[in-house]
Amino acid sequence: NSFCTLLAARMAAVLNDGSPAALRALELASVPGFLINHDEQQLIILHGVAESKDPAQHQAIPAALEVIAKSRVAQNTLNYKVEMKKVVSFESANAVASAAATPTPGTGNTPAPGDKPAKGAKKPEPKAAPAPDAPPPPPKPDRSPEEIATAIADYCDARCAHHGVNTVLLGVGASMQGKSIAVGTVAKEFVKRFRSRDGRRLLFLKSTGPVIRPTAALRMIVLVIPESPEPTAHLKEALAMCSAQGRGDRIGVLVVANNGRPKPAADATEAVVSMADSEEAAEERDPTQAITAECIEILHQHGLRDASTGHVADEGASMAQETFPLMNHLVLEPTNQLPTPTVDEVPNQLIKSLGGFKCDFLVVPPASGSDPVIASDQLALACLAAPKPHVM
């Protein structure tokens, strides 16, 4: 896209180009208490302006304001402000057409005034004038898509820092490649730039993703990779965000049981430890058991129990959680080329496993600066390309 709109709040920002997915992101961000408090915080609308005569490219802000005006939970309560900035310009179509159609005197086959043709030379045939109604050539952007994406990310980064924003929402899925989402350059730039930054959260809303109703509870599956430096940090963050809303959101955990290790011979939910092995040696060989126990303890601290285990939900916990899987394990299947694959190498196995869950969001671990192979940007982009679910 040659333009984009950014909506920023003290705690959240929504990047919006007027597409259906971006407007869904705006609708979710406008829900009071989800990411911002309408009584204390302000939503800032930042619009990247492009020099274009196409009226369709200037409907992002009206479309965004219409979403707010029609929202039963945001109208008359959401405080917002509009800021604008030009992020890309175009060459003048008239100048391009004029330069292409106007000959330069004394050059080429066009004689300058007063010049006489050489002896024996044929008089140059006059070139046909372009039709008066011929359309001018299309305008050319003065930047590549990657440069535009970088400029948008720079602008977003600066405004987020100014407003104290730690959450950015984007819409993806404006175009498709078969059954997969064509992830654009802006989304790729945001994944590369912000996933590894401490305290910055990204939410990607998909045009093909589940419908999220403003007052309904969210259903999330948190992907946990035991080899990550802090494998449960994003689980704690997701739980803290959901618990603060009081909607009774449902949280489940999906642990990769054999990331880069041989497929376990027994059920991934049970650690097989021989009598000759110590507990420490077993955990060093396969950290799944320890991480699973840690995840269960964290979930229990937030009053979440799994109905399949026979536990009863704590007082105040969501009854809806009783029908949502609490702990799950993903056992990666080896391939001919990869006898011990990682989830980064076979993301399709993760995407396929998600088909068994009715969830709104997949929570992906942040990028690891110490080991970029673990929860890499390629894994995040593969999750974005899947039609469902939305990605955090």
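The structure holds 1 aromatic pair, where rings of Phe, Tyr and Trp (its six-membered ring) pair if their centres lie within 6.5 Å. The partners are Phe190 and Phe194, at 5.0 Å centre to centre and 55 degrees between the planes, which makes the pair tilted; planes under 30 degrees apart count as stacked, over 60 as edge-to-face and the rest as tilted.

Before I go on: this is a predicted model, with local features needing pLDDT of at least 70 and side-chain atom pairs counting only at pLDDT 80 or more, while totals for chains, interfaces and linings use all residues. Residues are numbered from 1 along each chain as its sequence is written, and side-chain values use heavy atoms, leaving out hydrogens and water.

Phe190 and Phe194 both sit in helix α5, residues 185–194, 4 residues apart, about one turn of the helix. Helices here are DSSP runs (H or I, at least four residues), numbered from the N terminus. Phe190 has a relative accessible area of 0%, so Phe190 is buried; Phe194, also at 0%, is buried as well. Buried means under 20% relative accessible area, with a 1.4 Å probe and protein chains only.

Next, a helix pair. Helix α1 (residues 20–29) packs on helix α2 (residues 60–70) at an angle of about 40 degrees, with the axes 10 Å apart. Axes are lines fitted to C-alpha atoms over the stretch in contact, and angles run from 0 to 180 degrees between N-to-C directions. Leu23, Leu26 and Glu27 of α1 meet Ala63, Ala64 and Val67 of α2, contact meaning heavy atoms within 4.5 Å.

Terms used:
Helices (H or I, at least four residues) and strands (E, at least two) are DSSP runs, numbered from the N terminus. Buried means under 20% relative accessible area, exposed over 50%, partly exposed in between (1.4 Å probe, protein chains only).
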